[in-house]
Each structure stands twice: as C-alpha cells, then as structure tokens.
Amino acid sequence: MFTFNIKLTDNKFVECRELPNKLYVPFVKSIMNNDNIIISNFIDKIIEYTVINKNQIKELNCIDKFLILLDLRSISISNSITINTGQLFNNTNVEIDKLCVHILESLPVITEQVFIDDLIKIKINIPKDISYESTNIANTIQSIQIDQDLIQMNQVTSKVRESILNFIPAKLFNQIINFINITTKSIEHINIITANPKLNISKVEFNIFNNTLFEFIKAIYNENLLNVYKMQYILMSKLNYDNDTYLNLTPNESQLHLNFYNEELKQQQDEYNKNSKASSKTH
C-alpha cells in the first residue's frame with residue numbers, strides 16, 4: 001500500500017493512502033446529483049478511509065480536511081486543475097501542490113478561545129466541518145458547558161447545534177461573532193484562485209466560515225460520469241481487469257493504463273498502415 005504524508009495546520013502531519021476508484025466513482029456520482037448532504041457524507045468517508053491513524057481524524061479542522069482533499073486530488077487524480085475561462089485557447093491551470101504551500105505559508109496562527117459567562121463556558125476555534133447545514137456560529141463552537149453538563153458540538157446533529165444557540169447569552173454570542181470577524185479579516189489575503197480579469201477568472205477567497213471550501217472541492221472532483229464509465233468499460237472489457245482490480249486502482253492509475261492501451265492500439269494501427277503501403281507498392 002502506497003502512503004504519503006500531508007502537512008496540515010499547526011505543523012501537524014497525517015499519513016494517508018491514495019484515493020481508489022471504489023470511493024472516487026460514487027463520489028463523482030454524488031457530485032453530479034448535487035445532493036450536498038450525501039456529498040458531505042462522502043467527504044467524511046474519504047477522510048475516514050485515507051487517513052491511516054484514525055485517532056487523528058477527530059482533531060482535524062476544516063482547513064486540515066481541505067488540505068487532505070487537495071493532496072488526494074493531486075496524487076490520486078492529477079496535480080493540475082484546469083480553469084475554463086470561456087475564451088478560446090485561454091484556459092489556465094492551477095497546480096495543487098503549489099496551492100497547498102501557498103495556503104500553509106499564508107495562514108496566520110488561529111488559537112482556541114474560551115469565553116465564560118456565569119455558568120456557561122464556551123470553547124471556539126476553526127470549524128471542524130467543511131460543509132454544514134448549521135450557521136457558521138454553531139460550527140465555530142467546539143464545546144459548550146452549562147454548569148456540569150458538557151456538550152461536544154461535533155457529536156450532535158446540526159439541528160441540536162442550532163437549538164443550543166438559543167441558550168447562549170448575548171455577551172457570549174457577540175464574542176463569537178467578534179472571533180469570526182477577526183479571523184475572517186486575518187485570512188482575507190489568502191486566495192484559492194487569484195482573479196484575472198483579462199482571462200475572465202474570478203477570485204475565489206479562502207473563507208472557512210461558509211461553504212467556499214466545500215464548493216471548491218466539489219468543483220475540482222467533478223468529472224463527466226460518462227467518461228468515468230467509459231474508462232471502466234475499456235479496462236474491464238479490453239484489458240480484462242476484474243471489478244475488484246479496477247475499484248482498487250486510483251483514477252490516475254486507471255488513466256495511465258488506458259493511455260498505455262491507446263498507445264498500443266496506435267502502434268498496431270501505424271504498423272498496419274505501414275505494411276499496407278508496402279504491400280500496395282509491390283503490386
């Protein structure tokens with residue numbers, strides 16, 4: 001099994017395995033269906049499968065998960081993201097490995113904050129989830145303690161998170177809003193995609209308090225499902241791969257094998273054309 005290390009926030013590292021077709025294909029299908037809840041569940045499955053040390057998963061924040069998904073895209077599919085500008089011959093590429101370095105080098109230190117008001121104690125930090133139905137406020141709260149009762153927010157549903165907000169005093173609520181505003185300001189200089197008006201490219205800001213990271217992941221993993229199935233058909237029908245073999249390949253490996261097959265067909269066709277010309281000259 002091939003594994004690799006991914007650098008995350010706070011100089012953490014996680015060891016990951018590659019993303020195989022058995023997860024990639026249904027993930028592409030879920031993106032095509034555009035059901036954000038199912039897509040979000042698939043992201044959790046991908047993180048769960050690829051991160052080797054399962055104990056590290058609960059410590060990952062949304063930036064960590066974003067970086068893992070970027071690196072998986074780079075290694076298991078392709079390091080290059082092509083942006084269609086809508087202008088002939090003016091498509092541009094973004095290199096994922098350089099994007100990861102840019103984010104980590106530009107990211108300020110964001111530390112956990114603890115706010116207390118009477119019997120209520122709240123811990124807030126970088127949100128855990130890349131995608132969420134609840135507000136950014138609820139997702140920023142890591143835990144809330146009311147008297148002796150401690151609630152870990154990543155262990156309750158989004159509806160419960162939202163209902164908990166009703167119990168937060170205005171003083172604490174305003175402190176949470178202030179944390180979000182300060183943190184947003186501190187990372188606004190980071191762009192996932194830099195604007196280029198000449199090429200009709202819009203800026204994609206790095207925002208951890210809305211669904212920007214989630215939508216970007218959807219965009220870079222989106223693929224024409226027909227092309228995916230066509231590749232699977234060729235590998236299984238022409239190269240005689242069984243289903244398990246195909247599902248355990250990465251998308252990148254699948255494409256390489258298909259390229260080898262196409263090169264072989266081209267060589268056979270070139271040889272046939274060459275022999276045909278030689279044969280016609282002798283007659």
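Begin by selecting Phe 66, Ile 68, Leu 70, Phe 206 and Tyr 221, which touch the most other members among the 78 residues of the largest nonpolar core, a core being a set of buried Ala, Val, Leu, Ile, Met, Phe, Trp, Tyr and Cys residues joined through side-chain atoms within 4.5 Å. Helix H3 supplies the largest share of this core, eight residues. The model is a predicted one, in which local features need pLDDT of at least 70 and side-chain atom pairs count only at pLDDT 80 or more, while totals for chains, interfaces and linings use all residues. Residues are numbered from 1 along each chain as its sequence is written, and side-chain values use heavy atoms, with hydrogens and water left out.

Next, centre on Phe 66, which touches Ile 103, Ile 130, Ile 192, Phe 206, Leu 213, Phe 216 and Ile 217, not counting residues up to four places away in sequence (contact means heavy atoms within 4.5 Å).

Now select residues 36-50 and 62-76, helices H2 and H3, which pack at an angle of about 75° with their axes 11 Å apart. This angle makes H2 roughly perpendicular to H3, a label covering 65 to 115 degrees. Ile 43, Ile 46, Ile 47 and Thr 50 of H2 meet Lys 65, Ile 68, Leu 69 and Leu 72 of H3.

Finally, move to Asn 79, in the loop between H3 and strand E3 (80-83). Asn 79 counts as buried because its relative accessibility is 19%, the limit being under 20% relative accessible area with a 1.4 Å probe and protein chains only. A polar atom of the Asn 79 side chain lies 2.9 Å from the backbone nitrogen of Asp 97.

Methods: Axes fitted to C-alpha atoms, helices over the stretch in contact; angles between N-to-C directions. Helix = DSSP H or I, 4+ residues; strand = E, 2+ residues; numbered from the N terminus. Parallel < 35°, antiparallel > 145°, perpendicular 65-115°, else oblique. Buried < 20%, exposed > 50% of the residue type's maximum accessible area, 1.4 Å probe, protein only. Polar contact = N/O pair within 3.5 Å; in protein donor to acceptor, adjacent residues only side chain to side chain.
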